[in-house]
Every structure is written in structure tokens, then in C-alpha cells.
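Okay, thanks everyone for coming. Have a look at the sequence and the model on the screen, and I'll walk you through a few parts of it.

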Amino acid sequence: MSVRVRLTLSYAGFLMLAGVLLLAAVWVFLLRYVPDRAMLITPDDKPGHGVFPVRSALLDVFAPKAAAVLVFLLLLGLLGGWVLAGRMLAPLTRITHATRMATDGSLSHRIRLPGREDEFRELADAFDAMLAGLEAHVAEQRRFAANASHELRTPLAISKALLDVARADPDHDTGELIERLHTVNARAIDLTEALLLVSRAEQRSFTRERVDLSLLAEEATETLLPLAEKHGVTIETGGDLAPTSGSPTLLLQLTTNLVHNAIVHNLPEQGAVRVDTGVRAGAHPEAVVLTVENTGEKLTAELASTLAEPFRRGTERVHTDHAGVGLGLAIVKTIAHAHDGTLTVAPRPTGGIRVTVELPAASVRQSSTRTLPRVPSRSR
């Protein structure tokens with residue numbers, strides 16, 4: 001039986017039960033006290049005057065009427081229960097219709113259930129929010145797949161063109177050809193590894209361990225210090241302990257990407273990078289913060305907010321030798337979300353950007369017991 005039929009039978013059954021209980025109460029509290037044989041004489045002592053009805057007579061009159069009332073209650077319960085159940089279940093029909101449309105691939109449909117705030121309205125609103133999230137996620141995945149296909153096709157097309165040139169001109173300098181093929185192949189490998197890293201982070205297929213972001217910041221800056229010297233960029237590191245829980249490998253990749261981007265996308269000369277870690281004061285729940293900011297050209301807030309999207313690069317970055325594959329901040333964002341954190345990109349008033357990563361803190365203790373030593377400023 002359908003839910004509507006079960007609800008109808010339930011309503012009718014409860015109504016019948018209430019009627020039977022009412023009739024039983026009449027019997028228990030009234031009819032049982034009526035004598036089976038009795039004669040009531042009026043005060044004027046006239047015989048045969050004012051006879052009181054006996055129990056059997058009352059039952060003969062009461063029983064058919066009670067049965068008719070029960071039949072009426074049964075019909076009323078069935079009809080009223082059917083109508084009431086239909087009205088109560090009407091929102092579920094709209095939700096079911098929206099679910100079937102979503103199953104068929106239409107994620108743009110919304111229930112938008114009207115009426116007062118009740119359980120059905122809450123369910124419909126939650127379903128609409130889920131559809132909106134799914135639609136945005138699917139659109140992002142499609143855009144990401146299209147961009148990834150385009151980015152992967154570029155090195156393959158270049159390699160094919162180089163090979164066609166070599167085939168058409170056997171006397172061409174093979175050394176130069178091999179060098180260019182090596183460069184193009186290295187870029188394709190970097191892009192593929194970046195895509196695999198994004199996929200791994202999104203699947204959250206990693207074991208969580210206790211990690212201190214301050215130590216990862218030190219390791220990343222020490223590793224990239226030669227690159228900073230090459231670009232004439234000064235790195236400063238400071239802050240407090242920042243304990244969190246997650247994958248040390250992925251979080252180190254997150255920190256390295258941030259510092260690398262800050263170095264590469266900086267002023268041509270006398271640029272600066274600042275890396276800070278710590279615990280967000282007064283926050284509940286506790287969160288650790290990693291902030292990387294650099295000098296550079298001035299960016300608008302709209303442009304800065306799009307830098308974390310896959311294959312998006314800032315002004316003129318795509319034309320430099322260090323354009324990368326356009327997944328640096330996208331990888332950072334994915335890793336941060338996989339660790340239940342957030343990524344914020346904001347322009348600095350004097351130029352450059354400030355990137356802030358917030359992750360859940362592993363412990364609220366010992367958050368400010370040690371200050372990181374500053375890395376000595378070095379320049380080319």
C-alpha cells in the first residue's frame with residue numbers, strides 16, 4: 001500500500017477507536033447504572049404514571065444509533081483521511097519530481113516550496129541547496145576538464161609540429177629539436193602530475209597525522225631559498241606554532257606552492273615574501289593560519305578572487321618563463337578544502353597579494369610558546 005493509503009487507514013482507525021471509546025464510556029458511566037427492571041411512581045401516586053425506561057429498552061434504542069454513528073465515523077475518517085493525507089504528502093510529490101529531474105541530469109530545477117516553515121519546507125530547502133551545490137560542482141568539473149584537455153593538447157600539438165618539421169627537414173638541427181621536445185614534455189609531465197595531485201586531494205585518500213605548519217613553512221622556504229636568490233627576492237619567515245591534522249605531504253605541497261608562487265610572481269628586482277603562521281586568536285573552534293604575502297603589481301579584488309581557479313593566471317603571467325601550468329593556487333585550494341580549511345586571496349594595497357589558509361587546529365595548547373627565527377634576508 002502507498003503511504004497515502006496507510007495514512008488514510010490510520011486516520012480512519014484512530015477515529016473509529018475514538019468513537020468506540022466514547023460509546024464504551026457512555027456504557028460504563030451511564031447505562032450500567034440503569035436498572036434492568038424498575039417502575040418510577042409520580043408524586044401524585046397515580047398507578048402506571050411516569051415509568052422509567054429499563055436498560056434493555058435503552059440498549060434497543062441506543063445500539064442501532066451507535067452503529068450508525070460508527071459507520072458515519074468510518075466513512076468520514078476514510079474520506080477526510082484521504083484528503084488530509086493527500087495535502088500532507090503534496091510537498092513530497094514536488095520533491096520526488098525534482099529528484100527524478102536531477103536523476104535525468106537536470107540540476108537547474110528547484111523545488112522552491114511555498115508555505116510555512118515546517119519539516120517539508122526544511123527538506124525542500126535542503127534539497128534545493130544540494131542541487132545548487134551539485135550544479136556548481138558539475139559546472140566546475142566540466143570547466144576544469146575542458147581547460148585540462150586544452151592545456152594537455154597544447155604540448156601534444158607542439159610536439160607533433162616539431163616532429164613534422166623534423167620529418168620534413170631531415171637536415172634540421174636535431175639537438176635544438178630534442179631540447180624543445182624535452183621542454184614541452186617536461187611541461188606536460190608537470191601538468192599531469194598537478195592534475196593527479198588535485199584528484200588525490202579531492203578524494204581525500206590520505207591518512208591524517210599531526211602536522212605543524214610552522215615547520216612546513218621553514219622547510220618550504222629553505223628549499224626555495226635558491227630560487228628566491230635567483231629572482232632577487234627576500235624571504236622572511238615568522239610566527240608561532242600552528243598544529244593541525246592532515247597529510248604532511250599534501251600540506252607541504254600546499255606551503256611550497258604558496259611560497260613558490262610568491263617568489264615567481266613578484267617584482268623583477270628587490271621583491272619580498274613574508275610567511276607567517278599562528279593560531280587565530282579568540283576563534284571557536286580553534287584554527288591555525290598560514291599567511292603568505294608578496295610584493296608585486298597592483299591587482300583588483302575581482303582579479304585576485306579568481307586566481308585560485310584552475311588555469312587562471314594574473315596579468316602578464318602567462319607570457320613569462322615561469323607561467324607554470326596554472327594550477328598552483330587551485331592545488332592549494334583543493335588541499336585546503338580536503339583538510340576542512342579555507343583559502344582567501346586578497347590584494348595588498350601597495351601591490352602583490354596576501355594568501356591566507358585557515359585549517360582546523362589540532363590542539364589549543366602551546367599555540368604561542370615558540371617564535372620562529374627569521375630566515376636571513378638574501379638577494380642576488
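**The sheet and what surrounds it**

So, let's begin with the sheet: 5 strands form an open sheet, in the order β2-β4-β5-β7-β6, and the pairing is mixed. Which strands stand at the edges? Those are β2, residues 233-239, and β6; each has a single partner strand, so one side of each is left without a neighbour in the sheet. On average, neighbouring strands here are turned by 15° against each other, if you ignore direction. And before I forget, what you're looking at is a predicted model.

β6 and β7 run antiparallel, and 6 bridges join them.

Next, the helices. α6 packs on the sheet, where it touches β2, β4, β5 and β7, and its direction makes about 25° with that of β5. Then there's helix α5, residues 213-230, which lies across β2, β4, β5 and β7 and runs at about 170° to β2.

Let's stay with α6 for a moment, which covers residues 248-264, and pick out Leu 250 in that helix. Is Leu 250 buried or exposed? Its relative accessible area is 0%, so Leu 250 is buried. And who does Leu 250 touch, once you skip residues up to four places away in sequence? The list is Leu 197, Arg 200, Ala 201, Phe 206, Ile 335 and His 339. Take Ile 335 from that list: Leu 250 and Ile 335 are 85 residues apart in sequence, but 6.7 Å apart in space, C-alpha to C-alpha.

Okay, now a loop. Between β6, residues 342-347, and β7, residues 353-360, you'll find Arg 348. Does Arg 348 count as buried or exposed? The relative accessibility of Arg 348 is 19%, so it counts as buried, because the cut-off for buried is under 20%. Leaving aside neighbours within four places in sequence, Arg 348 is in contact with Glu 293, Asn 294, Thr 295, Ile 353 and Arg 354.

Last stop, the surface. Met 1, Leu 9, Leu 74 and Leu 78 make a nonpolar surface patch of about 380 Å². One of these, Leu 74, lies in helix α2, which covers residues 55-103. With a relative accessible area of 35%, Leu 74 is partly exposed, because that label goes to anything between the buried limit of 20% and the exposed limit of 50%.

Methods: Residues numbered from 1 in each chain as written. Predicted model: local features only at pLDDT ≥ 70, side-chain atom pairs only at ≥ 80, totals over all residues. Heavy atoms only, no water. Patch = residues over 30% accessible without salt bridge, like charges linked within 9 Å, V, L, I, M, F, W, Y side chains within 5 Å. Areas by Shrake-Rupley, 256 points an atom, 1.4 Å probe, with all protein chains shown as cover. Salt bridge = Lys/Arg side-chain N within 4 Å of Asp/Glu carboxyl O. Helix = DSSP H or I, 4+ residues; strand = E, 2+ residues; numbered from the N terminus. Buried < 20%, exposed > 50% of the residue type's maximum accessible area, 1.4 Å probe, protein only. Contact = heavy atoms within 4.5 Å. Pairing = 2+ DSSP bridges. Axes fitted to C-alpha atoms, helices over the stretch in contact; angles between N-to-C directions.
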